[in-house]
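Trainee: I am new to this structure and would like to learn how to read its features. Where do we begin?

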Amino acid sequence: MISALLYLQYHSIRNRTVMRIKRLKQPKYLVGGIVGGLYFYWYFFRTLFGTPGRGQAMALLASPQNLALYESVGALILLTILLLAWIFPHQRAALTFTEAEVAFLFPAPISRRGLIHFKLLRSQTAILFTTLLLTLVTNRLGGKAWIHAAGWWLIFSILNLHFLGSSFARTMLLDRGITNWQRRLGILALVFLMAAVVIIWARQAMPAFEPSRFQNPDAIKDYAHQVLTAGPLPYLLYPLRLVVRPYLAPNALAFLYALGPALLLLLAHYWWVVRSNVAFEEASVEASRKLAEKVAAVRAGNWQAAQRKPRRKRSPFKLRPVGPPAVALLWKNLIGAGQAYSLRMWVSLAVLAVCASVGMGQAAGGSGLRPALGMVAAMLMCWSLLIGTQFLRQDFRQDLPLADILKTYPLRSWQLALGELLAPAAALTGIQWFLLILVVGLFWQSAAGKMGWPCWLGLGFGAALIIPLLDLITLQIPNAAALLFPAWFQAAKGGAQGIEVMGQRLIFMLGQMLAFIVALIPAAGLFAGVFFLVKMLVGMAMAIPLASIAAAIVLAVEAALGVMLLGWLFERFDVSAETAG
Amino acid sequence: MAKLPDDDRLRRRCQFQTSGFAFAADWETHPLALGLLRMIQVEALTKLYGEFVAVNELGFEVKPSEVMGLVGPNGAGKTTTLRCLSGIIPPTRGNIRICGHDLGQDPIAAKRELAFFPDEPRLFDYLTVEQHLAFVARIYQVKDYEPVADQLLEELEIAGKRNALPGELSRGMKQKLAIACGLLHAPRVIYFDEPLTGLDPIGIRRMKDSILKRAREGTAIIISSHLLHLVEEICSHILILKDGRKIAHGTLAEITREFAAQAGETNLEEVFFRATSEAGKAQQ
């Protein structure tokens, strides 16, 4: 029987690989494949085959003392992951198969154990791929690639078996009348007991905990090293340390020493899983159905439906039946984006930002905490400007699967485009204004001596004016890309995987960055001109707001032209070609 | 020249729709009246996908209260035709007029008059039934839509599901919601693509009744379906497409006369097979 399952697995992988190679005939995949391949080479393989340089330097840092610390830290991370797997899940054991596998394998004369073996076999594909990827990433830090690969494989294989075993154990407990909450309480009691033992030992054996001692990273590291490598914790973490030890082995001999216990743990987990006699079929059918729904949603471009079941959400405001129709799309997309974008929430955030800035100003006095936090807020603001569009997709990208319905609406194409962009633009602007208040609030007092509060006020005003327009422009770029290259866009988000798809995403990202820079040039030029002129004539305080107004006018014209262009693109967007693509 | 049908209700409707215009003595030839009499006018509609001809030089008219069945084998171009007629995809060539408005030149006015119901109800996953109606009301600027929406929800028996999301509705209910949304702005032209798919027997009966009711009220309707008995039952006119070409158009009686092998053969299924077969093409 297992040979049939092996046949299925082998041919599924083979056919999928052949299909991916064949689709390289299409330019969109070929170009994506080349770019993705180059990225992989430059980022990963160059260090694998070329001069290690930085990697060896990093390897030197792994002294025996550090290794013991890393081993304990790794074990602690694994413990956290395993605890989460025991505490949070509430469903009965379910092995996720595809709908085809359910249809063919469940009615077939295959034992439950056979199905488990098939599942374990199939999960090895994902484990091996993850192992390869992580080996490429971690190999940049130095060490031997094969040791890292084997180490990662052991860690993921044991974790996989443990997750499966814990789900079986959970089901068995439920069958015996032990509810999820009873199980959770039991596990949490055990965790508290372990924590109490460690804390009691630390209080008795370690010097008293004084925050003033932890001014530098070395002091923190020393303290962590003592807690993790002495007392009860190393014993409590011992089985998990055995799991991470092969990965951290500095040489082949150490790896071989570490391999035996880790393999024994792997076999023990395997025995646990295959000996568990738990009925998983019913829950598996349901899980498979949900998986199929997710896949269908992703292929249709509906990521929201794929991520979670939509919940009923309150309208952000009452939509009147008459008025600008674009507002209907804003209203719809705000509901789609969730209740998080209600006016009340933004007012609350703004008040919170003001209070936090003032409060920190009072508390930190002259310390460097406020500028540091201000810098973090400023960076987050810039980051949200550049990357935020990838997270807030309540626009054409979300509605593309319903493009045929949108096209039946009696709206001008620019109205549709504007309506589609408004919700993510409003949400992003809200986030950035919140961060802006924090930035200005945090820098205001600390840097007042250098710039003066009128300058900070002007800066805040100018940024607040420019931000929504920048958001509107940045949102137009991925939307235009989705309408211009629907086949690429669908391929990139249609659940497809592989280097070529990664390459497509890279091309999109770079294209977006380039288009954004080009859009900024005229506004930046005018800003600079007005700024220097006004600064010379009036002074710094007026220079920033006036230059910002000038830049905002340019950006507004660009945004308006962009909306018209986007509308034109949507008008020309051939739904039939898109679905065929 | 179009002649006004002997239907007082229809005449009143034409007069109402054109209030504000003083008809000339020969009002039967007035362009606006003609537009109203020919709710859907299609001339030389052609749609190409690359070199593939999906619809080829198609022309027809649908008048108020007419229900036209669009039938044909798979790949005949039925859905493409409906998509062109509703403004979803642009035709490669040809003209489409909806209630006198050119769909290419004045799409907004044309789209205000029509509703398209695809074979699968297309709804927003995150909007409730009530929110769908509010959204559509704003899009179509339907002032005081609430009583109309309430009536539609009652009529379609989904009034109890006002706060439900599409994911919480059965397929039939989703279709009812799509219909409620489509009818909210009182369209004068309606297209149905396989309207009975997924409906239970009661739903099928109600759908047929609803279509006929709208037709009686003067709406021009096109139904694309493979269910020939449905087409035969509720359509006043039939258009048979094959490979994007019109191979027959007229009332059932006219088409039967054209394709029937022997006197008395009035079964649309037989006529359809004959019309779409090689013999039918030769007869053309």
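Mentor: With a pair of helices: H15(A) and H5(B) are roughly antiparallel to each other. The rule is that angles under 35 degrees count as roughly parallel, over 145 as roughly antiparallel, 65 to 115 as roughly perpendicular, and the rest as oblique. Helix H15 (residues 326-337) of chain A packs on H5(B) at an angle of about 160 degrees, with the axes 8 Å apart. An axis is a line fitted to C-alpha atoms, for helices over the stretch in contact, and angles run from 0 to 180 degrees between N-to-C directions.

Mentor: This is a predicted model, in which local features need pLDDT of at least 70 and side-chain atom pairs count only at pLDDT 80 or more, while totals for chains, interfaces and linings use all residues. Residues are numbered from 1 along each chain as its sequence is written, and chains are lettered from A and ligands numbered from 1 in the order in which they are written.

Trainee: What is the handedness of the crossing of H15(A) and H5(B), and which residues of the two helices meet?

Mentor: A crossing is left-handed if the near helix is turned anticlockwise from the far one by less than a right angle, and right-handed if clockwise. H15(A) passes H5(B) in a left-handed crossing. Contact means that the C-beta atoms of two residues, placed from the backbone, lie within 7 Å. Val327(A), Ala328(A), Trp331(A), Lys332(A) and Ile335(A) of H15(A) meet Gln131(B), Phe135(B), Arg138(B) and Ile139(B) of H5(B). By class, six are nonpolar, one is polar and two are charged. Here Ala, Val, Leu, Ile, Met, Phe, Trp, Tyr, Cys and Pro count as nonpolar, Asp, Glu, Lys and Arg as charged, and the others, Gly among them, as polar.

Trainee: How many residues of chain B are in contact with chain A, and which element gives the most?

Mentor: In chain B, 31 residues are in contact with 31 residues of chain A. Helix H4 (107-112) and helix H5 (129-139) of chain B are the elements that give two or more residues to this side. H5(B) gives the most, with six residues. The side of chain B that touches chain A divides into 17 nonpolar, seven polar and seven charged residues.

Trainee: Which helices does chain A pack against H12(A)?

Mentor: Two cases will do. Helix H11 (residues 238-248) of chain A and helix H12 (residues 252-275) of chain A pack at an angle of about 130 degrees, with their axes 8 Å apart. That makes H11(A) oblique to H12(A). Their crossing is left-handed. The residues of this contact divide into 10 nonpolar, no polar and one charged.

Mentor: For helix H7 (residues 145-175) of chain A and H12(A), the axes come within 9 Å and cross at roughly 25 degrees. H7(A) is thus roughly parallel to H12(A). H7(A) also passes H12(A) in a left-handed crossing. The contact has 13 nonpolar, four polar and no charged residues.

Trainee: How many helices and strands does chain B have, and what share of its residues is buried?

Mentor: Helices (H or I, at least four residues) and strands (E, at least two) are DSSP runs, numbered from the N terminus. Chain B has 12 helices and 10 strands. A residue is buried if 20 or more other C-beta atoms, placed from the backbone, lie within 10 Å of its own, exposed if 12 or fewer, and partly exposed in between. Of the 284 residues in chain B, 46% are buried.

Trainee: Which residues of helix H6 of chain B are buried, and which are exposed on the other side?

Mentor: An α-helix has 3.6 residues a turn, so residues three or four places apart point the same way. In helix H6 (residues 145-155) of chain B, the buried residues are Tyr145(B), Ala149(B), Leu152(B) and Leu153(B). Seen down the axis of H6(B), they fall within an arc of 100 degrees, so they line one face of the helix; the arc is that of the directions from the helix axis to the C-beta atoms. On the other side of H6(B), Pro147(B) and Glu154(B) are exposed. The cover over the buried residues of H6(B) includes H5 and helix H7 (171-183) of chain B. Just after H6(B), Glu157(B) takes a positive phi of about 60 degrees.

Trainee: Where is Asp125(B)?

Mentor: Asp125(B) lies in the loop between strand S6 (114-117) and H5 of chain B. Asp125(B) counts as partly exposed, with 16 C-beta neighbours inside 10 Å.
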